[in-house]
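Subject: Structure handover

Hi,

Here is the structure I promised to pass on.

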Amino acid sequence: MEMELEGGSNGQETAARAPPPPALPWMVQLQLYIIVAVGRIAMSRSGTVHRRFFSAIDRSARTSARSDKNGVRSADVTVDASRGLWARVFSPSQASAPLPVLVYFHGGAFTLLSASSIPYDDMCRRFCHGLGAVVVSVNYRLAPEHRCPAAYDDGVDVLRHLASAGLPDDVAVPVDLSRCFLAGDSAGGNIVHHVAQRWTGGMAPSSPTILRLAGAILIQPFFGGEARTGSEERLDGKAWVVTVRDSDWAWRAFLPEGADRNHPAAHVTDESADLADGFPPAMVVVGGLDPLQDWQRQYAGVLDKKGKVVQLEEFDEAIHGFFWFPELPETGKLTAKMKAFMESSA
């Protein structure tokens, strides 16, 4: 596996071979335009989020005890009512053998969206059906009201809840918590790393537990640093969804007051990154039209150098957030790659 490490070692070469934008279906382009426009209006210059405005656009899906066309049902489970921590559980109506569990963390720059947002409800239903897994989508607390490390704390506490209480009675199929995978996209991919690190670094229950982290799937994870990478410079303002300005805003909203982008929450892409001995096998998904791609490759390179099992999956024509759209060919390929990774890591 070839890696591009810290400092954008191939930045000039990358800049010289900028790929043409993909021919996205017009409905995808329209949805992206609306998503990006609404998100940028919600993210105010003062560093706050216009929650009332965004909630009017961010439509929520309801749970359903009845199976959908793919045999998937959903239910919400409360983890800690005092802080509004809950998760949405997606399960098939039947299974002949115990299923793995995929604990999912949604994206949204640490500040937007939820486990009930329609795009994530739809996506987790597809994962449940396509992966043959029970999906637990975590509704973690959002910044800037709840800065780092609130989202990481929430992720660990959801794992503790699963380890002690298991899944709700609404889940009618058998599960195997020794095959528990973490997955997340963008900011959720960042959370996956830090939850896995905390869990395997000493925050798992001291008493024996049936929950075992079998793997981590980071889909276009959101990492960064004070330096600018070649892909950030090459694609800034030219790629869908992410710009340098957007990324900087998100880090200011999420990181502790006064911290810069070299804070350990953001900058886990050099050899000083702390990794627990038991850090699970990881799959890192990179899109060729994502400005964050250099950070993601650097992260995979760090895992590899530190002796961790890492699988780097490249989708050359993938924009940031491609997985929201089932009509894009990369989305089906991603599910197939995730399924193969889970089967090989269990």
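F127 is buried, with a relative accessible area of 3%, and Y104 is buried too, at 0% (buried means under 20% relative accessible area, exposed over 50%, partly exposed in between, with a 1.4 Å probe and protein chains only). Before I go on: this is a predicted model, where local features need pLDDT of at least 70 and side-chain atom pairs count only at pLDDT 80 or more, while totals for chains, interfaces and linings use all residues. Residues are numbered from 1 along each chain as its sequence is written, and side-chain values use heavy atoms, with hydrogens and water left out.

Back to the rings. There are twelve aromatic pairs (rings of Phe, Tyr and Trp, the last by its six-membered ring, with centres within 6.5 Å; planes under 30 degrees apart are stacked, over 60 edge-to-face, the rest tilted). Y104 and F127 make a tilted one, 5.8 Å centre to centre with 50° between the planes. Y104 lies in strand 3 (residues 99-105) and F127 in helix 4, so the pair ties together parts that are 23 residues apart in sequence. Helices (H or I, at least four residues) and strands (E, at least two) are DSSP runs, numbered from the N terminus. Ring pairs also link F110, Y152, F222, W251 and F254 into a cluster.

The largest pocket holds about 1100 Å³, and of the 40 residues lining it, I35, V36, L113, P119 and W324 are the closest to its centre. On a 1 Å grid over the protein atoms alone, a pocket is an open set of points with protein on both sides within 12 Å along at least five of seven lines, a cavity is a set where a 1.4 Å probe fits but cannot get out, and lining residues have an atom within 4 Å of a point. Grid points are joined across faces, edges and corners, and a volume is the space filled by probe spheres set on the points. Helix 2 (26-42) gives the largest share of the pocket lining, nine residues. By class, that lining has 24 nonpolar, eight polar and eight charged residues (Ala, Val, Leu, Ile, Met, Phe, Trp, Tyr, Cys and Pro are nonpolar, Asp, Glu, Lys and Arg charged, the others, Gly among them, polar).

How many cavities of 30 Å³ or more are there? The count comes to one. The largest cavity has a volume of about 40 Å³, and its lining includes F222, W251 and R261. Helix 8 gives the most to that lining, three residues.

Most residues other than glycine have a negative phi, and most peptide bonds are trans. A109, though not a glycine, has a positive phi of about 60°; A109 is in the loop between strand 3 and helix 4 and counts as buried at 19%. V241 is not a glycine either and has a positive phi of about 80°, while its 26% relative accessibility makes V241 partly exposed. The peptide bond from A143 to P144 is cis, with omega near 0°, and the one from C148 to P149 is cis with omega near 15°. P144 and P149 both sit in the loop between strand 4 and helix 5.

Cheers
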